[in-house]
Amino acid sequence: AGLLTYSGPVNFQYPSDWSVQHNPNPTLPFLISQINSPGNKASAEVYKLPGVSGTDEAMRYLSQVFASYGISMSFQIMNETYNGYQLYSGSTSGNANTVKWVALFKVVNGGVVGFAVGAPSQYFSAYQQIFNAILSSTN
């Protein structure tokens, strides 16, 4: 598969056989787009969080929102940045499913933007190379 460019609050490249959904969940207005791999084994999710002043605050906010839906999210800040984005890693658990993810977030005028790439833990390592390519294509 070749690569396509996602242009929005953040820009990055993703495999051309992945499919993009804009505003996939009306109850989560900050989830701008979701890009799913064939078979929905892996995905990238784009976030725009107006009025949030820092990337750690953004992660805590997302964690609280997910908790209100019964989804538990744990994260850690990684000692790494890409083009001004702070790297995080973590997992979300709910509905007997645990998704491992890595995310890049940065402060912009008026809030925080970023995106996460992830997969259920049993598939994560299979997608690790693709995730790294997506992350490093960020600008």
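Student: How do you know that the length of helix α1 (residues 55-68) agrees with what its 14 residues should span?
Tutor: Happy to start there, keeping in mind that this is a predicted model. At 1.5 Å a residue, α1 should span 20 Å, and its end C-alpha atoms are 20 Å apart, so the two agree.

Student: Which residues of α1 are called buried, and what makes them so?
Tutor: They are Thr55, Ala58, Met59, Leu62, Ser63, Val65 and Phe66. Buried means under 20% relative accessible area, so each of these residues falls below that cut-off.

Student: Why do we say that the buried residues of α1 line one face?
Tutor: Look down the helix axis: they fall within an arc of 165°, so one face holds them. The face turned away from that buried side carries the exposed residues Gln64 and Ser68.

Student: What covers the buried residues of α1?
Tutor: The cover includes β5 (43-50), β6 (72-82), β7 (85-94), β8 (97-108) and β9 (111-120). Just after α1, Gly70 takes a positive phi of about 80°.

Student: How do you know whether the span of helix α2 (residues 121-136) agrees or disagrees with expectation?
Tutor: Its 16 residues should span 22 Å at 1.5 Å a residue; the end C-alpha atoms are 21 Å apart, so the span agrees. Even so, α2 has a kink of about 65°, centred on Tyr127.

Student: Which residues of α2 are buried, and what do they pack against?
Tutor: Tyr127 is one of them, along with Phe124, Phe131, Ile134 and Leu135. The buried residues of α2 pack against β2 (11-15), β5, β6, β7, β8 and β9.

Methods:
Residues numbered from 1 in each chain as written. Predicted model: local features only at pLDDT ≥ 70, side-chain atom pairs only at ≥ 80, totals over all residues. Heavy atoms only, no water. Helix = DSSP H or I, 4+ residues; strand = E, 2+ residues; numbered from the N terminus. Expected span 1.5 Å × (residues − 1). Buried < 20%, exposed > 50% of the residue type's maximum accessible area, 1.4 Å probe, protein only. Arc of directions from axis to C-beta. Contact = heavy atoms within 4.5 Å. Bend = angle between axes of the 7 residues up to and from the residue.
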